[in-house]
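Please look over the protein chain shown below. A short report on its fold follows.

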Amino acid sequence: MKITVNGKTMEVSEGMDLHRLVHSGKADPGRVILVLNDGVVKSDRWSLTVLSEGDRVELVSFVGGG
């Protein structure tokens, strides 16, 4: 099924949840905010949130600096 991640179309398997999506990429799960279809999903809900065809996901990482 096709979803959009950070503006790019991506093919994922049926039943993919947000937890597996985050851990399959290069983002540090401890430093990321996940937005699904314009709503923030807290990390304790990632494994319970299954993606659907056409979903839009934005992974926003925190960057330290000074």
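Is Thr49 buried or exposed?

## Thr49

The model is predicted. In this model Thr49 is buried, because its relative accessible area is 18% and the cut-off for burial is under 20%.

Thr49 sits in a loop. That loop links strand E4 (39-41) to strand E5 (56-61). Setting aside neighbours within four places in sequence, Thr49 contacts Met16, Asp17, Leu18, Leu36 and Val41.

Leu51 has its own set of contacts. Not counting residues up to four places away in sequence, Leu51 touches Met1, Ile3, Met16, Asp17, Leu18, Leu21, Leu36 and Val57.

Leu51 belongs to the largest nonpolar core, which has 16 residues. The residues with the most contacts inside this core are Leu18, Leu21, Leu34, Leu51 and Val57. Strand E1, helix H1 (18-24), strand E3 and strand E5 each supply at least two residues of the core.

## Strand E5 and its partners

Strand E5 pairs with E1 and with E3. E1 (residues 2-5) and E5 run parallel, joined by two bridges. Thr4 has Arg56 as its bridge partner in E5.

E3 (residues 32-36) and E5 run antiparallel, joined by five bridges. Here Ile33 is bridged to Val60 of E5.

## The whole chain

How many helices and strands does the protein chain have? There is one helix, and there are five strands. From the N terminus on, the order is β-β-α-β-β-β.

Among contacts with a separation of 6 or more, 54% are between residues 24 or more positions apart.

## Size and surface

What radius of gyration does the protein chain have? The value is 12 Å. This agrees with a compact globule, because a globule with 66 residues would have a radius of gyration near 11 Å. Along the principal axes, the C-alpha atoms fill a box of roughly 40 × 25 × 20 Å.

Of the 66 residues, 29% count as buried. Thr49 is buried too. The accessible surface of the protein chain comes to about 4,500 Å². Carbon and sulfur atoms hold 52% of that surface.

Technical notes. Residues are numbered from 1 along each chain as its sequence is written. This is a predicted model: local features need pLDDT of at least 70, side-chain atom pairs count only at pLDDT 80 or more; totals for chains, interfaces and linings use all residues. Side-chain values use heavy atoms; hydrogens and water are left out. Helices (H or I, at least four residues) and strands (E, at least two) are DSSP runs, numbered from the N terminus. Buried means under 20% relative accessible area, exposed over 50%, partly exposed in between (1.4 Å probe, protein chains only). Contact means heavy atoms within 4.5 Å. Two strands pair if DSSP finds at least two bridges between them. A nonpolar core is a set of buried Ala, Val, Leu, Ile, Met, Phe, Trp, Tyr and Cys residues joined through side-chain atoms within 4.5 Å. The radius of gyration is taken over C-alpha atoms; the globule rule is 2.2 Å times the number of residues to the power 0.38. Accessible areas come from the Shrake-Rupley method with a 1.4 Å probe; for residues, only the protein chains shown count as cover.
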